Amino acid sequence: MKTTPTTTTAFRRSTLIAMAGLALAGAGQFAAAATIGLMAPLSGPQAIVGQDQVDGFMLAVEQLGGKLGGQPATVLKEDDQLKPEIGGQITRKFIDKDKVDAIVGLSFSNVLMASLPRIVESGTVAIATNAGPSPLAGAGCKANVFSTAWQNDGAAEAMGKFAQDKGLKKVYLMAPNYQAGKDMLTGFKRYFKGQIIDEVYTQVNQPDYSAELAQLQSAKPDAVFVFYPGGMGVNFIKQMAQAGLMAKVPLYSVFTVDGTTLPGLRDAAVGSVSGAMWDAALDTPENKKFVADFERKFKRTPSEYAATAYDAANILNIALGKAKPGDSRALAAAVKAAGSEVKSVRGPFAFNNNNLPVQNYYAFETVKSGGSVVGKLVGTPLAKHSDVYRAQCALK
């Protein structure tokens with residue numbers, strides 16, 4: 001056979017692989033390995049949300065010595081661009097070509113829902129770190145699909161209860177027009193019993209809110225509740241501040257003022273109150289270590305997206321210590337159990353019957369402290385909270 005540079009390279013590569021295998025065999029056995037597919041928006045306006053998920057997950061893997069469950073871990077990262085069709089393509093690649101043991105991240109709710117059919121069909125374990133759409137929490141729950149993030153309504157429910165407890169009478173609601181936006185406003189209304197002056201849905205990634213802010217000002221509500229994650233939140237709050245409305249209309253929000261947006265917002269966000277299941281301000285040993293390690297490595301404060309991905313890696317570490325790669329059904333059961341064992345950075349945590357979190361939801365006010373703009377814990381409106389959709393889920 002004629003030897004070419006290509007065949008020589010291939011021969012050398014296969015020889016090295018074979019030699020590595022023989023070395024492991026000589027030590028007693030072949031080492032198992034775990035392959036994880038990590039999908040998130042890594043370009044466009046929401047790139048910082050995706051990057052925080054990647055960084056949070058990879059920080060945990062690094063702390064675990066590059067292993068999950070004691071096995072060498074390979075993490076394949078892909079950018080879904082916040083496009084459902086691209087997310088679906090990446091999911092099929094992860095499952096059909098890369099043969100991953102689990103998929104994490106899974107982007108926003110619209111991308112997750114587009115990827116769901118192939119995930120369910122394959123039985124591959126999937127852990128969302130930034131989505132918990134209501135269809136998946138209820139009758140559409142799946143045994144192999146989890147979320148370490150939230151059911152979309154949860155933080156909004158906490159803000160609805162916070163507003164109700166504050167005695168507000170009239171509130172104006174705003175969100176982008178997609179599943180998560182609708183879930184957020186539904187959650188707020190579930191706990192707030194006062195008057196909803198208006199419920200406004202804007203385009204996803206809309207850059208200019210001047211028309212909507214004029215309508216908000218003329219409505220004269222006691223407060224406005226909004227859901228605008230990532231770059232949308234930066235644009236919205238800056239424009240609200242520039243219009244002089246921050247001093248006139250109390251701002252309550254979810255996923256709008258957080259670790260991804262505060263560096264861009266700073267003083268513009270001061271005085272706003274946010275509902276969340278986590279913040280860097282939480283005073284627990286696990287969270288203090290996570291925040292310090294993240295800031296040391298990445299030179300910025302983590303967001304809740306980094307926290308959920310960090311927890312997901314640690315849950316997979318526990319689960320893969322009990323169920324070896326290749327057995328997706330056993331791994332799903334192990335992930336479910338690991339939810340009650342992990343030392344979460346958010347405080348109390350467990351997977352509910354629908355595989356979404358049972359967790360605290362806090363209220364944080366944005367304040368100035370020592371020259372910095374940070375979150376200050378001002379309440380826990382919902383403790384060890386379960387979503388309302390779990391009753392519709394047939395899983396135990």
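Author: Strand β9 is covered on both faces: A223, F225 and F227 are buried on one side, and V224 and V226 are buried on the other. Buried means under 20% relative accessible area, while exposed means over 50% and partly exposed lies in between (1.4 Å probe, protein chains only). Strands (E, at least two residues) and helices (H or I, at least four residues) are DSSP runs, numbered from the N terminus. β9 takes in residues 223-227, and five of its five residues are buried.

This is a predicted model, in which local features need pLDDT of at least 70 and side-chain atom pairs count only at pLDDT 80 or more, while totals for chains, interfaces and linings use all residues. Residues are numbered from 1 along each chain as its sequence is written, and side-chain values use heavy atoms, with hydrogens and water left out.

Next come the neighbours of the strand. Two strands pair if DSSP finds at least two bridges between them. β9 pairs with strand β7 (residues 170-176) in the parallel sense, over four bridges. Within this pairing, M174 has V226 of β9 as its bridge partner. β9 also runs parallel to strand β10 (residues 251-254), and four bridges join the two. Here F227 is partnered by V254 of β10.

Which helix belongs with β9 and β10 in a β-α-β unit? Helix α9 (residues 231-242) does, and the unit is right-handed. A crossover is right-handed if, with the strands pointing away from the viewer, the path from the first strand over the helix to the second runs clockwise.

A pair of aromatic rings is described by the distance of the centres and the angle of the planes. Rings of Phe, Tyr and Trp (its six-membered ring) pair if their centres lie within 6.5 Å; planes under 30 degrees apart count as stacked, over 60 as edge-to-face and the rest as tilted. By this rule there are 18 aromatic pairs. One of them joins F188 and F225: the centres are 4.5 Å apart and the planes are at 20°, so the pair is stacked. F188 lies in helix α7 (residues 179-191) and F225 in β9, so this pair ties together parts that are 37 residues apart in sequence. F188 counts as buried because its relative accessibility is 1%, and F225 is buried because its value is 0%.

F227 and F255 also form an aromatic pair, this one edge-to-face, with 6.1 Å from centre to centre and 90° between the planes. F227 is in β9 and F255 is in the loop between β10 and α10 (262-265), so parts that are 28 residues apart in sequence are tied together. F227 counts as buried at 3% relative accessibility, and F255 counts as buried at 6%. Both belong to one aromatic cluster, made up of F108, W150, Y178, F227, F255 and Y305.

A few features elsewhere in the chain complete the account. V200 lies in strand β8 (residues 195-202) and counts as buried at 12% relative accessibility. Its C-alpha atom is separated by 6.1 Å from that of L173, which is 27 residues away along the chain.

A search of the whole structure finds one disulfide, the term for a pair of cysteine sulfur atoms within 2.5 Å. The disulfide is formed by C141 and C393, whose sulfur atoms are 2.0 Å apart. The torsion about its S-S bond is about 90°, so the disulfide is right-handed. C141 lies in the loop between α5 (134-137) and β6 (145-147), and C393 in the segment after β14 (372-385), so the pair ties together parts that are 252 residues apart in sequence. C141 is buried at 9% relative accessible area, and C393 counts as buried at 8% relative accessibility.

The strand β6 just named also belongs to a sheet. Six strands form this open sheet, in the order β2-β3-β1-β4-β5-β6, with mixed pairing. β2 (67-68) and β6 are its edge strands, each pairing on one side only.
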